[in-house]
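Work through the exercises below with the coordinates open. Each task is followed by a solution in steps.

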Amino acid sequence: MPNGADNTCKLSSEIPTIDFSLFSRGHKEELTKLDLACKEWGFFLMVNHGVATEVLQGMKDAAAKFFELPVEEKNKVAMTSDDIQGYGHAYVVSEEQILDWSDLLFLIVYPSQYRKLKFWPTTPEEYKEVIEAYSIEVKRIGEELIRHISLIMGMEKDALLALHQELVQGVLVNYYPPCCMPDKVLGKSPHSDTSTITILMQEDNVTGLQIRKEGEWVPVKPIPNALIVNVGDVVEIWSNGKYKSIEHRAVTTESKARLSYATFLFPHDDVEVEPFDHMVESPGSLRMYKKVRYGDYLRQSLKRKMEGKAHTNAAKTAS
């Protein structure tokens, strides 16, 4: 057994689980658990979220059909050089480093006026409706989670949502083909998300997601119908580092293709993001991050190869 494997297994079993249904009942204990999960892990599994199994499965089935299509069919909705929406491939660097091994489909879903329907697949026929049904449910959950993150940050329930100006929502479906040399390839390089929060659906039977905790890569074992939530860079900056955006990566397997479904919730481009005064804990405490315009922050991150915490490190003030 590799060094650290015992600790990794132990950490894997300690990943926090939040019961979403308890928020609506005003459970203070669940709010405390949310605070600890965001502070100590930046990551949690979420159960009892109220999304119907058929909606979750519908998204999985339609995506699997899309990625099975011939390349020329998928290329009908291919990304263009001036856009991040559509079908494409992960950023690949062909030096002496581990390659990213995945295809993807990325779409902005909300606000509706930001949709570019020319990038929305028409095959399989039901895919548009399925994306809509899934995304409206994730929007409901995401808004409620952001309200509760607002509370644990010591603010009014709707304060964080209001600061977004417009809550933007994008969905990213990653397809990781099986790979005969999984040790030479990563499905997705280590990175943190530039979002406020990310809500992820995994396959039920393949473990591919790993998070960085205590210097170890900890596998996240899927729980059927559970969703995964991770803190994004925006919350890390607003909280002055109290809540950390977690570094994570996706690994490939030799035998099985795998899909993952990530929904990113993030502010309007013009929102200025900086630590809240009350999160700079005591007089004389340092502001760990400078003020950034979100659109600039996002575009800078898209220009970089995904690499650990490079994005938030670039936003830090000089010490």
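## Exercise 1: Ala63 and its surroundings

Apart from neighbours within four places in sequence, Ala63 is in contact with Tyr127, Val173, Leu259 and Tyr261, where contact means heavy atoms within 4.5 Å. The model is predicted: local features need pLDDT of at least 70, side-chain atom pairs count only at pLDDT 80 or more, and totals for chains, interfaces and linings use all residues. Residues are numbered from 1 along each chain as its sequence is written, and side-chain values use heavy atoms, with hydrogens and water left out.

Step 1. Buried means under 20% relative accessible area, exposed over 50%, and partly exposed in between, with a 1.4 Å probe and protein chains only.

## Exercise 2: Helix H3 and Lys60

Task: compare the span of H3 with its expected value, and list the buried residues of H3.

Step 1. H3 has 16 residues and reaches 23 Å from its first C-alpha to its last, close to the 22 Å expected at 1.5 Å a residue. The expected span is 1.5 Å times one less than the number of residues.

Step 2. Leu56, Met59, Lys60, Ala62, Ala63, Phe66 and Phe67 are buried in H3. An α-helix has 3.6 residues a turn, so residues three or four places apart point the same way.

Step 3. Lys60 has 8% relative accessibility and therefore counts as buried. Not counting residues up to four places away in sequence, Lys60 touches Met201, Gln202, Glu203, Asp204 and Tyr261.

## Exercise 3: Aromatic pairs

Task: describe the geometry of the pairs made by Phe66 with Tyr87 and by Phe67 with Tyr175.

Step 1. The structure holds nine aromatic pairs. Rings of Phe, Tyr and Trp (its six-membered ring) pair if their centres lie within 6.5 Å; planes under 30 degrees apart count as stacked, over 60 as edge-to-face and the rest as tilted.

Step 2. Phe66 and Tyr87 are edge-to-face, with 6.0 Å centre to centre and 80° between the planes. This pair links distant parts of the chain, Phe66 in helix H3 and Tyr87 in strand S3 (residues 86-89), 21 residues apart.

Step 3. Phe67 and Tyr175 are stacked, with 5.4 Å centre to centre and 10° between the planes. Phe67 lies in helix H3 and Tyr175 in strand S6, so the pair ties together parts that are 108 residues apart in sequence.

Step 4. Phe66, Phe67, Tyr87, Tyr127 and Tyr175 form one aromatic cluster. Relative accessible areas are 1% for Phe66, 3% for Tyr87 and 4% for Phe67.

## Exercise 4: Strand S13

Task: explain why S13 is largely enclosed, and find which strands pair with S13.

Step 1. S13 covers residues 258-266, and nine of the nine are buried, so S13 is largely enclosed by the rest of the structure.

Step 2. Arg258, Ser260, Ala262, Phe264 and Phe266 point one way, while Leu259, Tyr261, Thr263 and Leu265 point the other way.

Step 3. Strand S6 (residues 168-176) pairs with S13 in the antiparallel sense over nine bridges; two strands pair if DSSP finds at least two bridges between them. Gly170 has Phe264 in S13 as its bridge partner.

Step 4. Strand S8 (residues 197-201) also pairs with S13 in the antiparallel sense, over five bridges. Here Ile197 stands opposite Leu265.

## Exercise 5: The largest nonpolar core

Task: state how many residues the largest nonpolar core has and which helix gives the most to this core.

Step 1. The largest nonpolar core has 86 residues, and Leu34, Phe43 and Met59 are among those with the most contacts inside it. A nonpolar core is a set of buried Ala, Val, Leu, Ile, Met, Phe, Trp, Tyr and Cys residues joined through side-chain atoms within 4.5 Å.

Step 2. Helix H5 (residues 127-152) gives the most to this core, with 10 residues.

Terms used:
Helices (H or I, at least four residues) and strands (E, at least two) are DSSP runs, numbered from the N terminus.
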